[in-house]
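These are my notebook entries on a predicted model.

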Amino acid sequence: MDLDTVRTFVAAADAGQFQEAAAELAVTQQAVSKRIAALERNLGVRLFTRTARGAELTIDGQAFLPHARDLLRVAERAVASVRTGRRPLRVDVIASRGAAAGLLRGFHHAHPEIDLDVVMLFEIETAVAAIHSGAIDASFRAVGVPGRPLPTDIESVRVLDEPLELLTGPAHTLAGARSVTVAQLAGHRIWMPGIVPGTEWAAYYDDLVAEFGLTIEATGPNFGSDALLDTIADTPALATFMGGQTRLVWPAGHGLRRIPVTDPTPVYPHSLLWHRDNPHPGLTTLRAHLAATTTGHDATGTWVPDWVLPR
């Protein structure tokens, strides 16, 4: 059903005259008559009766009028749902406990007037495809993996270098240390079952191992962070890496230790990705907020792989 004919019918019904409806719609009276005639043919009924005073609704016209108004309201809501600035800003943070989620929470607290939809996509290819299609507006990722350059229409900016910490149980030989150097970690078993080949974080840890001669084991099923914490707490020979801004809570009896890593400090580089033609005003506000509130990129004494894009 042509919405222009429905809109013309409602205008004529409200005005009671085709001439006034034509003036309201900025069309000719002949155009109004043609639209009404087309709608009547489509519905198979007469909607108006011509009188000396103008045009009066028939019984069928009176029955159709409330539904016509509903059609126009639904159409307006449909347009509003995708109108720039009217729909929520959709941002991918990969995981709810990670540093990216913390950055987005900070943005929400600073700009509660901007509606947000938070999504969690696993692979960078999925996130980039979603940015291309408009399914999401932005994604937090580590970018620059060799052999997987970003498409030319995808922009990125480095927003956070997150220091890695060593997480140990209370019986681990390094549990009492105030800090540990990367060299001290050589020979220790670092267990990270969440590393999935082909992901950007797998590329990051592959380079970390190659650079400093570490041993990272990704064996066994990944039952999530709670199971990882249970195992680290109960196994003196195991430790794991944890982002310094990753939010985790564990039972007091676990006695876990978060130990800074130094000389150098490995940092995980978080970047924001978006499509260069995305006009959502919330995206502009998010980028400005991150530029004003995140610091410490490429700080002295830190390490990132060579493929990480500069800020």
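I looked up the buried residues of helix H9 and found Gly-282, Leu-283, Leu-286, His-289 and Leu-290. They lie on the same side of H9, because they cover an arc of only 125 degrees around the axis. I recalled that an α-helix has 3.6 residues a turn, so residues three or four places apart point the same way. On the other side of H9, I noted that Thr-284 and Ala-292 are exposed.

I then checked what covers the buried residues of H9; the list includes helix H5 (99-110) and the strands E3 (89-92), E5 (138-141), E6 (154-168) and E12 (265-275). H9 itself runs over residues 281-293, and its 13 residues reach 19 Å from the first C-alpha to the last, close to the 18 Å expected.

Next I turned to the aromatic rings. I recorded a count of nine aromatic pairs. One of them joins Phe-18 and Phe-48 edge-to-face, at 5.4 Å centre to centre and with 85 degrees between the planes. Phe-18 belongs to helix H2 and Phe-48 to strand E1, so this pair ties together parts that are 30 residues apart in sequence. Phe-18 is buried at 6% relative accessible area, and Phe-48 is buried at 4%.

I also looked up Phe-212 and Trp-303, an edge-to-face pair at 5.5 Å centre to centre and 75 degrees between the planes. Phe-212 lies in helix H7 and Trp-303 in strand E13, so the pair ties together parts that are 91 residues apart in sequence. Phe-212 is partly exposed, at 22%, whereas Trp-303 counts as buried, at 10%. I noted finally that Phe-212 and Trp-303 belong to one aromatic cluster with Tyr-204, Tyr-205, Phe-241 and Tyr-268.

Methods
Residues numbered from 1 in each chain as written. Predicted model: local features only at pLDDT ≥ 70, side-chain atom pairs only at ≥ 80, totals over all residues. Heavy atoms only, no water. Helix = DSSP H or I, 4+ residues; strand = E, 2+ residues; numbered from the N terminus. Expected span 1.5 Å × (residues − 1). Buried < 20%, exposed > 50% of the residue type's maximum accessible area, 1.4 Å probe, protein only. Arc of directions from axis to C-beta. Contact = heavy atoms within 4.5 Å. Phe/Tyr/Trp six-rings, centres within 6.5 Å; stacked < 30°, edge-to-face > 60°.
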